[in-house]
Amino acid sequence: MNKELVTNLYNSFKNNLSTYEKMYKYYINETDLEYMYEKTDRSNRICSTNFIQKIVDDEVSFAIGNKIDYSSKINNKQEIIDIKEAMDEVTSDCDIDLYTSMLIYGHSYELAFITKNELNEATFVTKVISPREGIHLYNYYGEIEMFIHVFPDVMDFTNRKKFIDVYTKDKIYHCTEDLEVLNESDNLFRRVPVSIAALKYLDKKTVFNNVKTLQDSYNLSASDWQNEIADNRNAYLALYNLDLGSKENVIDDNGNVLPSEFETNSRAMKKSGILLFNNENSKAEWVIKNINPQFISENLNLSLIHISEPTRQE
């Protein structure tokens with residue numbers, strides 16, 4: 001194993017990991033909104049709409065919603081049966097997982113390997129590997145020369161200990177996270193058993209890159225609007241030339257502290273819905289915000305227009 005080459009490739013994987021982690025978090029709606037939204041001592045509702053997940057899932061449903069039909073140009077029905085039996089060995093959700101991962105990150109991998117079934121028979125299996133779990137090295141002709149798969153130790157429940165499998169055309173090296181080789185095995189495929197599904201411009205044309213800033217802008221505006229509505233419920237009653245009594249607590253003959261005259265009169269007015277004015281110059285009115293909803297509404301609509309523009313991936 002060319003340890004220097006593997007080390008450089010693994011370092012590249014670690015350098016890119018934070019970017020792919022951010023893409024994944026946005027897909028599961030763990031966005032920057034919690035940190036971006038300015039908190040106040042009033043209402044701090046956060047309104048989060050996950051357009052990225054919706055666009056990705058809708059695209060996957062559109063593209064893989066129907067099963068693939070096979071036909072033979074020479075009307076060989078046995079060929080069709082053989083193909084279907086071979087594809088039945090592949091996990092039914094593999095295409096969905098692969099396409100979803102590709103749309104989230106811009107590219108994704110399908111790793112092929114041989115395992116044993118319950119009858120101890122060799123079985124062809126594929127597994128989807130996201131860029132958060134693997135990285136490839138390709139040559140001038142676009143052929144994959146090496147692939148690294150990083151995965152946690154299933155017996156380490158803290159998920160801190162990791163192992164690394166290094167795939168070359170001839171060998172598969174099973175290593176520690178420090179790239180110390182634990183053991184190796186022959187590669188039965190005689191080629192790196194990895195296929196890559198990628199958008200036309202790889203990571204530059206993902207749903208995340210196209211929609212992230214628009215989604216953040218929409219959610220910030222929607223949160224502002226929600227909090228304007230919440231704060232508007234706390235309207236104040238302004239009383240002019242109206243005496244509700246003293247605010248000092250009353251102490252009875254037994255030394256018990258009773259509500260003040262002001263509290264008693266205020267509760268009585270709230271309960272009865274009646275105000276008694278002391279003179280003709282007394283008046284009461286609600287002090288509320290004069291909110292113009294048009295500005296925020298237009299801002300939300302503008303974000304929706306940009307988000308809903310065609311985002312079909314190539």
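Student: What should I keep in mind before I start?

Tutor: In this predicted model, local features need pLDDT of at least 70 and side-chain atom pairs count only at pLDDT 80 or more, while totals for chains, interfaces and linings use all residues. Residues are numbered from 1 along each chain as its sequence is written, and side-chain values use heavy atoms, with hydrogens and water left out.

Student: How many helices and strands are there in the chain?

Tutor: Helices (H or I, at least four residues) and strands (E, at least two) are DSSP runs, numbered from the N terminus. Here the chain has 8 helices and 12 strands.

Student: How do I read a pair of packed helices?

Tutor: Two packed helices are described by the angle between their axes and the distance between the axes. Axes are lines fitted to C-alpha atoms, for helices over the stretch in contact, and angles run from 0 to 180 degrees between N-to-C directions. Take α1 (residues 3–27) and α5 (residues 94–105): their axes come within 9 Å and cross at roughly 115 degrees. Angles under 35 degrees count as roughly parallel, over 145 as roughly antiparallel, 65 to 115 as roughly perpendicular and the rest as oblique. Therefore α1 and α5 are roughly perpendicular to each other.

Student: Which residues of α1 and α5 make the contact?

Tutor: Contact means heavy atoms within 4.5 Å. From α1 come Y20, M23, Y24 and Y27, and from α5 come T100, I104 and Y105.

Student: Is H149 buried or exposed?

Tutor: Buried means under 20% relative accessible area, exposed over 50%, and partly exposed in between (1.4 Å probe, protein chains only). H149 has 7% relative accessibility, so H149 counts as buried. H149 sits in strand β4 (residues 144–152). Beyond its neighbours within four places in sequence, H149 contacts several residues, including L111, K127, F163 and Y167. Across the 314 residues of the chain, 31% count as buried.

Student: What about phi angles?

Tutor: Most residues other than glycine have a negative phi. N29 is not a glycine, yet has a positive phi of about 70 degrees. N29 lies in the loop between α1 and α2 (33–36), and with 31% relative accessibility N29 counts as partly exposed. L179, also not a glycine, has a positive phi of about 65 degrees. L179 is in the loop between β6 (171–176) and β7 (181–186), and at 5% relative accessibility L179 counts as buried.
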